[in-house]
Number of protein chains: 2
Amino acid sequence: MDNYQKVSEETHKRVQSNPYGPNPSDYLSNVRSFQLIESTLREGEQFANAFFSTEKKIEIAKALDDFGVDYIELTSPVASEQSRSDCEAICKLGLKAKILTHIRCHMDDARVAVETGVDGVDVVIGTSQFLRQYSHGKDMSYITKSAVEVIEFVKSKGIEIRFSSEDSFRSDIVDLLNIYKTVDKIGVNRVGIADTVGCANPRQVYELVKTLKSVVSCDIECHFHNDTGCAIANAYTALEAGAKLIDVSVLGIGERNGITPLGGLMARMIAADREYVMSKYKLHKLRDIENLVADAVQVNIPFNNPITGFCAFTHKAGIHAKAILANPSTYEILNPSDFGLSRYIHFANRLTGWNAIKSRVEQLNLNLSDDQIKEVTTKIKKLGDVRPLNIDDVDSIIKDFHADISTPMFAANEGPGPVVDEEDVLLSNIKRPKLN
Amino acid sequence: MDNYQKVSEETHKRVQSNPYGPNPSDYLSNVRSFQLIESTLREGEQFANAFFSTEKKIEIAKALDDFGVDYIELTSPVASEQSRSDCEAICKLGLKAKILTHIRCHMDDARVAVETGVDGVDVVIGTSQFLRQYSHGKDMSYITKSAVEVIEFVKSKGIEIRFSSEDSFRSDIVDLLNIYKTVDKIGVNRVGIADTVGCANPRQVYELVKTLKSVVSCDIECHFHNDTGCAIANAYTALEAGAKLIDVSVLGIGERNGITPLGGLMARMIAADREYVMSKYKLHKLRDIENLVADAVQVNIPFNNPITGFCAFTHKAGIHAKAILANPSTYEILNPSDFGLSRYIHFANRLTGWNAIKSRVEQLNLNLSDDQIKEVTTKIKKLGDVRPLNIDDVDSIIKDFHADISTPMFAANEGPGPVVDEEDVLLSNIKRPKLN
């Protein structure tokens, strides 16, 4: 154990300065000052299973507002009559979050949007060759002209306006920078980059955002689809490069397999700057919000969901369990109690180790020496080779073993021990010792 | 439509050279030559729900081999008696994939491992201050001494050897480079970087791998946990920086919420280099393998899983549907038919547009003008405001409308049209036109 003292001063500093947090050389970084545009009621409505009644929309909007999101984005009022009246109803709730609606870059849509009572309008138009050819069929000069008209109109109404390209990563960089520069000059509040097809990778994101940051003075918002599984990482990298706002939805619901999920981004950001995230967002409400939306769109929380997946804080292998029992930070970058959740040491399996079993023996208030615990661990691993074990199985083995030692003559007649509730083994109260 | 011709030559070149593929300036990149170390039977066995019988392990190993993975990694033979005999059994199958087992950096484990018949041994030891203090309690000179002993022993048996640090991103960079340089010199086949707690972000990964690449001449393998949702992006970025091998598991199963998933990484890689991926891996077997493992560990495929999630190729919003009908590449970076899957245009909802309804009208073999289709689209959106719609609802509205026009006198007496099977609207045969 003397070796603990040999850790260099430098290592101490690295640990203390949170090396997996924002890169100190990134003077552009907004990792410590980001904002959320929550789009469950817009992008999320484009999810295959989504049909939100007015009541459900209001319930979701209130829950998101309570959680602390900065903006709530709603479906275009032009999409349907009910979409318009729902938008008006949510604007009247008096939420702390600013209410946005998301429209095509067209005066017909803008005229309706500004009458709904929203705090801001997000306009979008496809700029990639694919979308210009197969979606709206317009060229860049037409797009620019429309954008300027819509932006000046919305600004004249005294509300926020964002201009975003669509499919930005398949758009010509010169086209993009030209139009962003133009709309920035006429006073747009934000420009948006959208990875509409989910093709972007983190280094591309970093380069595009950094370049755009040198061209515009307004804020940059980013929207990442998750087709290739990079939506959270791309969002983080965009913030590093100077983007300020990230579009999210609960569980990431949206077109196809969706966008950056609220919960997953919270996991990423809390690893980078726990203090900022904790001060701004009510993380212990995350599970309830995810359940609310999952129920509304009839899906299950994915088993491997960040934070709230059923096994996100379950430790199984022997060496993991041993270290977690000594200090949870060894194998946890997130603290489950930040989210109102508990960790669980899975000891009823063939990969278990004697440290995990020792902890269980202590919970059962039994008295065994380390050598005895190693012996009973061997028995447990042997049964774990034959079939899946539950906690009762392990407890029975431990108690039988203990009985054998204490009163060997009666042991053979003893039944299994009392059933122990799983709650007993939730080890949420393990202290996180500081490194010395 | 004339505007299509105005697209600059440069844009053409960018589209044709696959701008979302490997960065041409990355001479280090292995994006086009990566290999997979499939760890469902090692890391995956550490998943909370996993209990694999011998038969199930063999079934999974054969399926992975057929899929084309380069290596299959198995639980340490020291973990339990059955683990050892299962390892031996899988080595005897004569698979194309090389078989590895994963052990602690200790001669006791190494002696058992080399007798199982494996093609290679992966050794790992914790190098972060956290793990040195709370797990094994050893200092770097002890770690280096053990590593050299184990490596030389395994090499003397004529099988592959990998040395990996554990919790690499919380380890001292000087310690890491020192030990990697030492083991590289004595002829280790691979060195491994492991983000054991899932804290790393892509730019950190890029920097560490690139630095390591300048220090060692052997291959670099990477292992990323997914606690903060970056495991796929980190893997991709590691390949860009010169890593050669990525650890994956089916559905990402592993400790806590797991590691880089096989399917998700395939989605990422096929977007970068479709030809390489298609030539090496049987992607149309992906769904079966995921179902096999999901059943074995009793989880559902996450609704938002890349590629195989139920909605991964479902398009809903009107403008998306319109463009997809014209050219699927507009909103799809992945081609569902590469995976033996189909796309689906979701038109039975209030966000639908008249282009999607027009396509449905044509499928029903009815004859309506564009104006008539716009009129019936309005009716559909109105009903979609009131309640969730299914395909039968939409078909009824269309047919009633059509009947009203054709034989107005009898329309009121007509019942709903015949039930149409969902299969009819799977639009997998839409052609992908090339950009002109």
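Predicted model: local features only at pLDDT ≥ 70, side-chain atom pairs only at ≥ 80, totals over all residues.
1. **Chain A in outline.** Chain A carries 16 helices and 10 strands. It has 436 residues, and 64% of them count as buried. Its exposed surface comes to about 16200 Å². Carbon and sulfur atoms supply 48% of that area.

2. **Contacts along the chain.** Take the contacts in chain A with a separation of 6 or more. Residues 24 or more positions apart account for 73% of them.

3. **How the copies relate.** Chain A superposes on chain B by a rotation of 180 degrees, with 0.0 Å of shift along the axis. The RMSD is 0.0 Å. This is therefore the relation of a two-fold axis. In chain A, Pro302(A) has the C-alpha nearest the axis, at 2.3 Å from it. Both copies use the same surface: 100% of the contact residues of chain A recur in chain B.

4. **Aromatic pairs.** How many aromatic pairs does a search of the whole structure find? Over all chains, the count is 14. One of them joins Phe34(B) and Tyr276(B). This pair is edge-to-face, with 5.3 Å centre to centre and 65 degrees between the planes.

5. **What that pair ties together.** Phe34(B) lies in the loop between helix H1 (9-16) and strand E1 (35-38) of chain B. Tyr276(B) belongs to helix H11 (residues 274-280) of chain B. The pair therefore ties together parts that are 242 residues apart in sequence. Tyr276(B) has 18% relative accessibility and counts as buried, because the cut-off for buried is under 20%.

6. **A stacked pair.** Phe67(B) and Tyr281(B) also form an aromatic pair, this one stacked. The centres are 5.8 Å apart, with 20 degrees between the planes. Phe67(B) sits in helix H2 (residues 54-67) of chain B, and Tyr281(B) in the loop between H11 and helix H12 (286-296), so the pair ties together parts 214 residues apart in sequence. Phe67(B) and Tyr281(B) are both buried.

7. **The cluster in chain A.** Which residues do ring pairs link into a cluster in chain A? They are Phe34(A), Phe67(A), Tyr276(A) and Tyr281(A).

8. **Charges over rings.** Two further ring contacts in chain B involve a charged side chain. Arg268(B) lies over the face of Tyr236(B), 4.6 Å from the ring centre. Lys374(B) lies over the face of Trp354(B), at 4.6 Å from the ring centre.

Key:
Residues numbered from 1 in each chain as written. Chains lettered and ligands numbered in written order. Heavy atoms only, no water. Phe/Tyr/Trp six-rings, centres within 6.5 Å; stacked < 30°, edge-to-face > 60°. Helix = DSSP H or I, 4+ residues; strand = E, 2+ residues; numbered from the N terminus. Buried < 20%, exposed > 50% of the residue type's maximum accessible area, 1.4 Å probe, protein only. Lys NZ or Arg CZ within 6 Å of the ring centre and 35° of its normal. Contact = heavy atoms within 4.5 Å. Areas by Shrake-Rupley, 256 points an atom, 1.4 Å probe, with all protein chains shown as cover. Least-squares fit on C-alpha atoms with pLDDT ≥ 70 in both.
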